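Here is a short note for a colleague who is opening this entry for the first time. Please read the points with the structure in view.

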Amino acid sequence: VQAPDVHDRMSGPLVVRGRFVRPDGNPYKSGELYVNAVLVSTYGVAHWFELRDHGIGLDEAAGDGWYTGGYVFQSRGYVFGDRKMEPDRPGPWYLFVFAQDVNVVTEGTEPFEAAHTIGGFVLTDQLELNFDEPCKLRHDAVIQVV
């Protein structure tokens, strides 16, 4: 996962990129993965966004194996429906990027074969499950927003 260490919220979107590889070393591309990210502030605000490899917007080229997305920090408050939203504050923000494979089974595949290929499994390893100690959630980056 690539993200800047420091981001000026007045300079445009925070751009995040990620490349995810198979055990054989070849990257996943285009629609082979569903990738989403969450930015979490130290004051309890979270923002979700998707990363895509489709060559539109922030993504430079379709099918190159780089999943790209971004978030525009809000420097002023705004109204969303009946709620007043506060501006995003400067400070450290924690980034978590989750990639999961998708279902690529064609209709009519035998159940035994489908059970070995159905997607939806998370490929990234932020979550560490334990039975004898607290579970851990590791971030991919800490971004200092100014």
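This is a predicted model: local features need pLDDT of at least 70, side-chain atom pairs count only at pLDDT 80 or more; totals for chains, interfaces and linings use all residues.

The points below cover the sheet, the aromatic rings, the charges over rings and a surface patch.

1. Start with the open sheet of 5 strands. Its order is β1-β11-β8-β3-β4, and the pairing is mixed. β1 (6-7) and β4 stand at the edges. Each has a single partner strand, so one side of each is left without a neighbour in the sheet.

2. **Inside the sheet.** Look next at β3 and β8. These strands run antiparallel, and 9 bridges join them. S41 stands opposite W93 in β8. W93 returns in the next point.

3. **Y43 and W93.** The structure holds 4 aromatic pairs. One of them is formed by Y43 and W93. Their centres are 5.9 Å apart, with 85° between the planes, and the pair is edge-to-face. Why does this pair tie together parts that are 50 residues apart in sequence? Y43 lies in the loop between β3 (33-41) and β4 (46-51), while W93 lies in strand β8 (residues 91-101), so the contact joins those two parts.

4. **Cover on that pair.** Are the two partners buried or exposed? W93 has a relative accessible area of 1%, so W93 is buried. Y43 has 27% relative accessibility and counts as partly exposed, because values under 20% are buried and those over 50% exposed.

5. **Y71 and F73.** The ring centres of Y71 and F73 lie 5.0 Å apart. Their planes stand at 85°, so this pair is edge-to-face. Y71 counts as buried at 12% relative accessibility. F73 is also buried, at 3%.

6. **The ring cluster.** Ring pairs link Y43, Y71, F73 and W93 into a cluster. View these four residues together.

7. **Charges over rings.** Two arginines deserve a look. R17 lies over the face of W66, at 4.1 Å from the ring centre. R22 lies over the face of Y28, at 4.4 Å from the ring centre.

8. L127 is found in strand β9 (residues 127-128). With 53% relative accessibility, L127 counts as exposed, because the cut-off for that label is over 50%.

Notes:
Residues are numbered from 1 along each chain as its sequence is written. Side-chain values use heavy atoms; hydrogens and water are left out. Helices (H or I, at least four residues) and strands (E, at least two) are DSSP runs, numbered from the N terminus. Buried means under 20% relative accessible area, exposed over 50%, partly exposed in between (1.4 Å probe, protein chains only). Rings of Phe, Tyr and Trp (its six-membered ring) pair if their centres lie within 6.5 Å; planes under 30 degrees apart count as stacked, over 60 as edge-to-face and the rest as tilted. A charge sits over a ring if NZ of Lys or CZ of Arg is within 6 Å of the ring centre and within 35 degrees of the ring normal. Two strands pair if DSSP finds at least two bridges between them.
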